[in-house]
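Here's a quick tour of a structure with two chains to keep an eye on. Have the picture open while you read, and look for each piece as it comes up.

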Amino acid sequence: MEEKKVNSFLNRLKESAQKQTNYGGEMEITEAKINAKDCPNCGAGRAKQDGLTHCAYCGFEFLNIKLTDGVYIKKEDNSI
Amino acid sequence: MFGLFKKSKDSQNGESTTEWYSELQENQQRWFAFLEKLEAKMEEFATAAIPELKEIMQSDDDIYKRTFHRVYSGVNGQLNNIREKARDVYEEKVHDVYYNLNSQISVLSKHHNLLSDFRSACSDRYNEFENKYDYWRKQIDKTQERDLETEYQKILDEYEAIKNKFNCTQCGGNIVIEKIFLIETYITCPYCQTQNTFAPSTLGRNLQNIARNLAEQRTAHLYEAYEAEKDKERDLYHQRHELSLSIIHEKDKKVLHEVQLKMDDLEEQRQFAIKNAPKLHQEYLRAMYDELNKITPDLKEHNEKMYQNQLQYL
């Protein structure tokens, strides 16, 4: 009798845990990938030495923030 | 003259003793029986839940093991319910009863020891119950452990597989991914200088989630050594205390001297343990953070800050 009660409790617990949906929706599993962004305004490529925030040719604004030193991005990456 | 008062007082106490003493005895018996039932229930529940939890941990294909954690917290909640029941009954049937009677019965009364015996018997039994709860709680905690080394190996394998796989989107030149990146990163093409954006896979990103636990798993032996040293202090203190109690009525100087020597020795060991425990703790932390830095070298600066912070609380 007792044994039954414990098992049914566990089963109900398991069932409701499996049914419950995750906050933020389904998880997306992605592979590693690489891409490059050209300037949407003039089509020019984006090169390291010109900085990341603005297009070197037409001045299009890629990022409207001033970059600070981080793990991968450094403050030298700001366009002048 | 004073005997007159004494007699009447005694008989008064004698009458009330039987009354409250039977209540105490009944409470004590019921409390013991109640805890026994709760313990049986707890054991039955935990032994049923542990294999289930292990199985869910294995079969849960969610990257964060969320289904497992839901069941896990449900199980813990149930266990906690049992514990709360015990606490509530203890408050009502032992604690309150004790204080209620304590205010009525003088400490000088010869029956007062019945009352204090009742309380210490009940609270000892309660501690025993709490120890059992801790034990089951720890057993359930253990089901959380998973083999992080294989998960880490998967991430390393994936990195090996992709590191030379990518070409520059602009000129087609080969781009080498130089390390395991945890977030999207700009990678410059070595030929045309184009900024390519590299997005790591879900698996690779997950490295920062498992890194800390992996580092802790690798240095668990040091942590255990620290815990053992930390517990020594109390053990030694109690040993010494027992000895000091044993010589209260001792008259023989030789025996006294011997016991005193033993006590001094225990005290010395205790002082050593007090000083040594923080050292072992720091040793563990340093080793753990070294491992962590090895696993996620990019986060070294951040890791070191956490280490410095933890050092303040040794």
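Let's start with a word you'll need: a residue counts as buried if 20 or more other C-beta atoms lie within 10 Å of its own, with the C-beta atoms placed from the backbone. By that rule, buried residues make up 8% of the 80 residues in chain A. Keep in mind that this is a predicted model.

**Chain A on its own**

- Chain A has 1 helix and 1 strand.
- Its radius of gyration is 26 Å, while the globule rule gives 12 Å for 80 residues; that's well over the rule, so chain A is more spread out than a compact globule.
- If you box up the C-alpha atoms of chain A along the principal axes, you get roughly 80 × 25 × 20 Å.
- Take the contacts in chain A between residues at least 6 apart in sequence: 20% of them join residues at least 24 apart.

**Where the chains meet**

- On the chain A side, 28 residues are in contact with 33 residues of chain B.
- Which parts of chain A do the touching? Helix 1 (2-19) and strand 1 of chain A each supply at least two residues to that side.
- Helix 1 of chain A gives the largest share, with 8 residues.

**A sheet built from both chains**

- In general, strands of a sheet pair through backbone hydrogen bonds, and they can be parallel or antiparallel.
- Here, 3 strands make an open sheet in the order 1(A)-4(B)-3(B), and the pairing is antiparallel.
- The edges are strand 1 (33-36) of chain A and strand 3 (185-188) of chain B, since each of them pairs on one side only.
- Neighbouring strands of this sheet are turned by 35° against each other on average, if you ignore direction.
- Across the chain boundary, 4 bridges link strand 1 of chain A with strand 4 (residues 195-199) of chain B.
- To find that spot in the picture, look for N35(A), which stands opposite T197(B) in strand 4 of chain B.
- Within chain B, strand 3 and strand 4 are also joined by 4 bridges and run antiparallel.
- One pair to look for there is I187(B) with its bridge partner N196(B), which sits in strand 4 of chain B.
- Strands 3 and 4 of chain B form a hairpin with 6 residues between the strands, and Q193(B) takes a positive phi near 65° in this hairpin.

**Helix 6 of chain B**

- Helix 6 (residues 207-218) of chain B has 12 residues and spans 15 Å from its first C-alpha to its last, close to the 16 Å expected at 1.5 Å a residue.
- Which of its residues are buried? They are L207(B), A211(B), L214(B) and A215(B).
- Looking down the axis of helix 6 of chain B, you'd see these buried residues fall within an arc of 100°, so they line one face of the helix.
- What do they pack against? Their partners are helix 4 (148-162), helix 5 (202-205) and helix 8 (253-295), in chain B.

- You'll find F45(B) in helix 1 (residues 2-59) of chain B.
- Is F45(B) buried or exposed? F45(B) is buried, because 22 other C-beta atoms lie within 10 Å.
- Leaving out neighbours within four places in sequence, F45(B) is in contact with V6(A), Q78(B) and L79(B).
- F45(B) and F32(B) are 13 residues apart in sequence, and their C-alpha atoms are 20 Å apart in space.

Definitions and conventions: Residues numbered from 1 in each chain as written. Chains lettered and ligands numbered in written order. Predicted model: local features only at pLDDT ≥ 70, side-chain atom pairs only at ≥ 80, totals over all residues. Rg over C-alpha atoms; globule rule 2.2 N^0.38 Å. Buried ≥ 20, exposed ≤ 12 C-beta atoms within 10 Å, placed from the backbone. Contact = placed C-beta atoms within 7 Å. Expected span 1.5 Å × (residues − 1). Arc of directions from axis to C-beta. Pairing = 2+ DSSP bridges. Axes fitted to C-alpha atoms, helices over the stretch in contact; angles between N-to-C directions.
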